[in-house]
Amino acid sequence: MDKENYEILWEQVLLPKIESLVTSIAYESFIKLLVPVDIKGNTIVLCTQSKIFADGVNNQMIGSKIKEAIIKANTHITDYCVVVAKDKEDYLKQLGEERRDEIENQGSPINTQFTFDSFVVGSSNEFIYAAAKAVAEAPGDSYNPLFIYGGTGLGKTHILMAIANYIKLHNPTLNVVYATCEQFTNQFIEGISKGKGTNASADFRRRYRNVDVLLIDDVQFLATKQGIQTEFFHTFNELVMQNKQVVLTSDRPPKEIEVLEERLRTRFEGGLLADVQPPDLETRIAILKRKAEEKKCVVNIKVLTYIAEMNVGDIRTLIGKLTKVIFASKLHERPITIELVNDALKESAGERQEELRAEDIINGVCQFYKVSKTELLSKKKTKEIALARQVSMYLVLDMMSLPSTKVGKIFGRDHATVTYTRDKISEQIEVDTKLAVDINDIKKKLLKQ
């Protein structure tokens, strides 16, 4: 059972149900501190720090409420059990390391915030939303493959992860694999480079062929890679023949992907092609309104309209502008007005933005956090280096308006990791005053160079 499956089920479905049934003391003292670790059949396995703690969870009053909540949730889970970790601190630390490994090594984390509910639907994307929802509700039954294409920053990755999150939540026994095309390619090359005497190639095929749902982002990068196209062709064929769902995204339709084998092109076109278009003004306003609400910030509709009317090429850039404005409002303790919007975006862009290079930003961050550039661009995961790396990615995106794919190449990561990191830092600076001030200081130093 993939870790994301039971985490999503616990955090988004079971935990809220339990909270509504138990007292606040019971919830804060016991329930809130439980850690889901697995699903065995119809039972969710929860971890505690000690036997005394487990006994508290299992007492007749709390235990009965947990079971009642599980039944009311109406999922395939009907019971729970509690296990005691030998060393809770080491256990939770290991969970954190696994999460970092998922982000740093695999490079394709599934953001649980990217759901169908958080996807703002408008005239430009209602078709793709309906198609994706149909696939998520009945994987393999129709629209196989589903091929989603459109420009950068229009929500393709969001909708792909929404499918993954929906299936993990409503059908957690299914094996769902999400990967970028870059990750698929790198793992294939790694399997070849290790040679026939290893199990790397076999492991690669098991990972991608023994799945129920395969989601591949940015499939256009298969172009010109003949050996990988052959491997992908066989993987694709095997899955579709078994009625396993395949969903692909690309920045262009199959017919416009250069140097793509004809047999792959015809198979991509054999399912449903869904074109996602840039949002109209009303949808852009709705997206900004939703994002402001998520950040628990009230923004006047006139201000949202003003931002929405700016000449931006994608949703990601649009949301980035709103994030900068909210950040400036909190930093300078000013109300969000059109005047603040102009000041915040001018301050963020800076007079030297065109001259600023990614290398300048990386060097500035290295100097601030006292780490070397080699360490920052490496795979090292110490707290200080990881933070410097994340701040660097955030600032390169924020100050240079580069696409996440290009930023990913600078840091040796794929665009999903870059997007995840940007969102993570954006959320942290709203609650971590020190981090917000540090990032603002780095910006000022860079713009004064």
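1. In this predicted model, Lys40 has Thr43 of strand E2 as its bridge partner. The pairing belongs to a set of five bridges that join E1 to E2, residues 43-48, and these two strands run antiparallel.

2. Taken as a whole, the sheet to which these strands belong is open and has three strands in the order E1-E2-E3, with mixed pairing. Its edges are formed by E1, covering 35-40, and by E3, covering 79-84, each of which pairs on one side only. From one strand to the next, the twist averages 30°.

3. Turning to helix packing, two packed helices are described by the angle between their axes and the distance between the axes. For helix H16, residues 358-369, and helix H21, residues 433-447, the axes come within 10 Å and cross at roughly 130°. Since angles over 145 degrees would count as roughly antiparallel and those from 65 to 115 as roughly perpendicular, H16 and H21 are therefore oblique to each other. The crossing in which H16 passes H21 is right-handed.

4. The residues that make this contact can be listed for each helix: H16 contributes Asp360, Ile361, Gly364, Val365, Phe368 and Tyr369, while H21 contributes Leu435, Asp438, Asp441, Ile442, Lys445 and Leu446. Sorted by class, the contact of H16 with H21 comprises seven nonpolar residues, one polar residue and four charged residues.

5. When neighbours within four places in sequence are left aside, Ser392 is in contact with Ile361, Ile362, Val365, Leu376 and Phe411.

6. As for the chain overall, the protein has 21 helices and eight strands. Considering contacts in the protein chain with a separation of 6 or more, 73% are accounted for by residues 24 or more positions apart.

Methods:
Residues are numbered from 1 along each chain as its sequence is written. This is a predicted model: local features need pLDDT of at least 70, side-chain atom pairs count only at pLDDT 80 or more; totals for chains, interfaces and linings use all residues. Side-chain values use heavy atoms; hydrogens and water are left out. Axes are lines fitted to C-alpha atoms, for helices over the stretch in contact, and angles run from 0 to 180 degrees between N-to-C directions. Helices (H or I, at least four residues) and strands (E, at least two) are DSSP runs, numbered from the N terminus. Angles under 35 degrees count as roughly parallel, over 145 as roughly antiparallel, 65 to 115 as roughly perpendicular and the rest as oblique. A crossing is left-handed if the near helix is turned anticlockwise from the far one by less than a right angle, and right-handed if clockwise. Contact means heavy atoms within 4.5 Å. Ala, Val, Leu, Ile, Met, Phe, Trp, Tyr, Cys and Pro count as nonpolar, Asp, Glu, Lys and Arg as charged, and the others, Gly among them, as polar. Two strands pair if DSSP finds at least two bridges between them.
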